[in-house]
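Let's take a friendly walk through this model, one region at a time. Keep the sequence and the 3D view at hand as you read.

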Amino acid sequence: MEGVIVKGIGGLYYVDVNKEIYECKARGKFRHSGLTPMIGDYVVIEVDQDKTGVINEILPRSTELLRPVVANVTQAFVVFAFRQPDLNLELLYKFLVLCEHSNLKAIVCFNKMDLAEKEHRDIGEVLKNAGYEVLYLEAKNGVGVEELRKKIKDNISVFCGPSGVGKSTLLNSFIGRERMKTGEISEKVKRGKHTTRHSELMQVEEGFLVDTPGFSSLELDFISKEDLQYCFPEFEPYRDGCKFNNCVHYKEPGCLVKAAVEEGKINETRYKFYVKTLEETISRGSWK
Ligand SMILES: Nc1nc2c(ncn2[C@@H]2O[C@H](COP(=O)(O)OP(=O)(O)OP(=O)(O)O)[C@@H](O)[C@H]2O)c(=O)[nH]1
Ligand SMILES: [Mg+2]
Ligand SMILES: [Zn+2]
């Protein structure tokens, strides 16, 4: 049978096969080959009558997220607030770079709009112009939640963003009803910050959701100088026209990306963030 690992605790993996859960061990061969099953893995299992079984095969992963450790995530709900906590724009941009680098579709979710001011939406506009989908939400009041719900189907989606922005509130608004029914409300989810100890895939609307704890900082030091530009989707229409084909859109002459910044086609703050990140990469040296 084929299923997806929804939870892993102490060497046991819980595999969902059409909404039935099987408790499985991993074959020893995985340990020897250094391949560890991750939640999100699509696996082939062999089961006994009592619904326990073994994982025989791990199917190739489309993506591998490391914080939290989840395989095959297809999209990220990047949740931020403008107030409580105040928006850390640089951190938001870093999350978006990480999503691009990890091959995840990012959906920017500005939550707590009940506390935001009108001008704050200008930041959302910048991101829309860069090619991102942007949603405005009030998780506490259920505003915008239905729109987000529509995006769950057929995806493994991860909620990420800083602490206190409302990730768990959003997730709970999706799982609440279904969990209530079976009387197994996850305390781990409710405790917010402590969710991650054992991450879990939660099935909602024919898709899976994963909560994560809030991050207050993010290092992008694993992205090379050459790769960084590909994490900025708004550079795409221009980069092939640069004078040098190895242009990183920094100090090179004949750079169409820089020209687009000067013409106001690419947002200057976004470009400045790119340059700052690039300079950090360069100063770390070329061995990375
Ligand atoms: N004003 C307002 N408060 C909200 C909204 N959504 C959630 N909150 C509150 O924000 C607080 C933090 O929410 P959580 O869902 O725990 O935040 P989190 O992102 O999961 O935080 P961590 O687990 O620490 O990363 C809670 O007190 C929520 O009730 C909203 O739309 N407006
Ligand atoms: Mg939380
Ligand atoms: Zn260039």
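Is Glu205 buried, partly exposed or exposed? Glu205 is partly exposed because its relative accessible area is 33%, where buried means under 20%, exposed over 50% and partly exposed in between, for a 1.4 Å probe and protein chains only.

## Ground rules

This is a predicted model, in which local features need pLDDT of at least 70 and side-chain atom pairs count only at pLDDT 80 or more, while totals for chains, interfaces and linings use all residues. Residues are numbered from 1 along each chain as its sequence is written, chains are lettered from A and ligands numbered from 1 in the order in which they are written, and side-chain values use heavy atoms, leaving out hydrogens and water.

## Domains

The protein chain is divided into domain 1 (2-59), domain 2 (65-210) and domain 3 (225-284), with bounds that come from an automatic or database domain assignment. Between the C-alpha centres of domain 1 and domain 3 there are 44 Å.

## Salt bridges

The whole structure holds 18 salt bridges, each being a side-chain nitrogen of Lys or Arg within 4 Å of a carboxyl oxygen of Asp or Glu. Glu205 pairs with Arg149, with the closest N and O atoms 2.7 Å apart. This pair links distant parts of the chain: Glu205 is in the loop between β12 and β13, and Arg149 is in helix α4, 56 residues apart. Helices (H or I, at least four residues) and strands (E, at least two) are DSSP runs, numbered from the N terminus. Arg149 counts as buried because its relative accessibility is 13%.

Lys19 and Glu206 form another salt bridge, at 3.1 Å between the closest N and O atoms. Here the partners are 187 residues apart, Lys19 in the loop between β2 (12-17) and β3 (20-26) and Glu206 in the loop between β12 (202-204) and β13 (207-210). Lys19 is exposed at 52% relative accessibility, whereas Glu206 is partly exposed at 46%.

## Two buried lysines

Lys167 belongs to helix α5 (residues 167-182). Lys167 is buried yet has no salt bridge, and the nearest side chain of opposite charge, Asp211, is 5.8 Å away; for charge, Lys and Arg count as positive and Asp and Glu as negative, with His and the chain ends not counted. The side chain of Lys167 does reach the backbone oxygen of Gly161, at 3.3 Å.

Lys94 sits in helix α2 (residues 89-101) and counts as buried at 17% relative accessibility. A polar atom of the Lys94 side chain lies 3.1 Å from the backbone oxygen of Leu218.

## The annotated binding site

An unreviewed UniProt entry carries the annotation "binding site" on Cys242, Cys247, His249 and Cys255; positions are given in the numbering used here, feature names are shortened, and annotations may be inferred rather than shown by experiment. His249 lies in the loop between α8 (236-239) and α9 (256-262), and Cys255 lies in the loop between α8 and α9. His249 is buried at 1% relative accessibility, and Cys255 is buried at 7%.

Leaving aside neighbours within four places in sequence, Cys255 is in contact (heavy atoms within 4.5 Å) with Cys242, Cys247 and His249.

Technical notes:
A polar contact is a pair of N or O atoms within 3.5 Å; within protein, one must be able to donate a hydrogen and the other to accept it, and residues adjacent in sequence count only if both atoms are side-chain atoms.
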